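Take a look at the model below and keep it open while you read. We'll walk through it one region at a time.

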Amino acid sequence: MEFTDSGDYRQRIEKSFKRQGVVQAIKANLSRIEHRLVEIELPFHPKLTQQHGILHAGVIAAALDTACTYAAYTIIAPESSLLTIEFKVNLMSPGRGDRFLFRGEITKPGSNIIVADGRAYALTDGPAKLIASMTGTMMVMKDREGFEE
């Protein structure tokens, strides 16, 4: 059964996002929070690139995982938390852009396991370019010490 809490998830997600060191380090920010969908934006910075000057695959994977996990936060009970237990990323095009958009959407809600799909886009003055996709699986954590929200 899917939980819906009439919007209170936005505050929980914003509060949790601010506690993540990795999103602070890469200067990512939440740009959209909706039921079953979260978007994160990230400006280009040379410190986030690999040796060819494109966005590092690890940064792409971390941002997609974060977007997908927070999309799952929109459908779980307020006292629950989540842990990613598996993901697969397909890198489709070099990460070249002025900024990047990472969208996570719920594919299969569940009471214990949630599946989400993510898409990463490079943004410039032209149309957005799909650079990666991800499928992730999250486990709902209930009553686990150290994993309270």
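**A walk through the strands, the pocket and the rings**

Let's start with a hairpin: four residues join β4 to β5. Before going on, a word on ground rules: this is a predicted model, in which local features need pLDDT of at least 70 and side-chain atom pairs count only at pLDDT 80 or more, while totals for chains, interfaces and linings use all residues. Residues are numbered from 1 along each chain as its sequence is written, and side-chain values use heavy atoms, with hydrogens and water left out. As for the element names, helices (H or I, at least four residues) and strands (E, at least two residues) are DSSP runs, numbered from the N terminus.

β4 covers residues 99-108, and β5 covers residues 113-123. The two strands pair in the antiparallel sense over nine bridges; to count as paired, two strands need at least two bridges found by DSSP.

Now which strand pairs with β4 over seven bridges? That's β2, again in the antiparallel sense. Two places to check by eye are Glu-41, whose bridge partner in β4 is Leu-101, and Val-38, which stands opposite Gly-104 in β4. β2 spans residues 37-43, and five of its seven residues are buried, so β2 is largely enclosed by the rest of the structure. Here buried means under 20% relative accessible area, exposed means over 50%, and partly exposed is in between (1.4 Å probe, protein chains only).

β2 also pairs with β1: five bridges join them, and they run antiparallel. Arg-32 stands opposite Glu-39 in β2. β1 and β2 form a hairpin with two residues between them, and Arg-36 sits in that turn. Arg-36 has a positive phi of about 75° although it is not a glycine. Buried or exposed, or in between? At 25% relative accessibility, Arg-36 counts as partly exposed.

Lys-27 is not a glycine either, yet has a positive phi of about 60°. You'll find Lys-27 in the loop between α2 (21-25) and β1 (29-34). With a relative accessible area of 57%, Lys-27 is exposed.

Next, the largest pocket. On a 1 Å grid over the protein atoms alone, a pocket is an open set of points where a 1.4 Å probe fits, with protein on both sides within 12 Å along at least five of seven lines; lining residues have an atom within 4 Å of a point. The space in the largest pocket comes to about 170 Å³, a volume being the space filled by probe spheres set on the points, which are joined across faces, edges and corners. Which elements give two or more residues to its lining? They are α1 (9-19), α3 (57-73) and β3 (81-91). The largest share, five residues, comes from α3. Among the lining residues are Ser-16, Arg-19, Asp-65, Tyr-70, Tyr-73 and Leu-82. By class, the lining has four nonpolar, five polar and two charged residues. In that scheme Ala, Val, Leu, Ile, Met, Phe, Trp, Tyr, Cys and Pro are nonpolar, Asp, Glu, Lys and Arg are charged, and the others, Gly among them, are polar.

Two of those lining residues, Tyr-70 and Tyr-73, bring us to the rings. The structure holds two aromatic pairs. Tyr-70 and Tyr-73 form a tilted one, 5.4 Å centre to centre with 40° between the planes. For the cut-offs, rings of Phe, Tyr and Trp (its six-membered ring) pair if their centres lie within 6.5 Å; planes under 30 degrees apart count as stacked, over 60 as edge-to-face and the rest as tilted. Because they are three residues apart in helix α3, Tyr-70 and Tyr-73 are separated by about one helical turn. Tyr-70 is buried at 2% relative accessibility, and Tyr-73 is buried too, with a relative accessible area of 5%. Ring pairs link Phe-17, Tyr-70 and Tyr-73 into a cluster.

Last stop: Ser-133, in strand β6 (residues 129-141). Ser-133 is buried, with a relative accessible area of 8%. Leaving aside neighbours within four places in sequence, its contacts (heavy atoms within 4.5 Å) include Leu-64, Lys-88, Met-92 and Arg-119.
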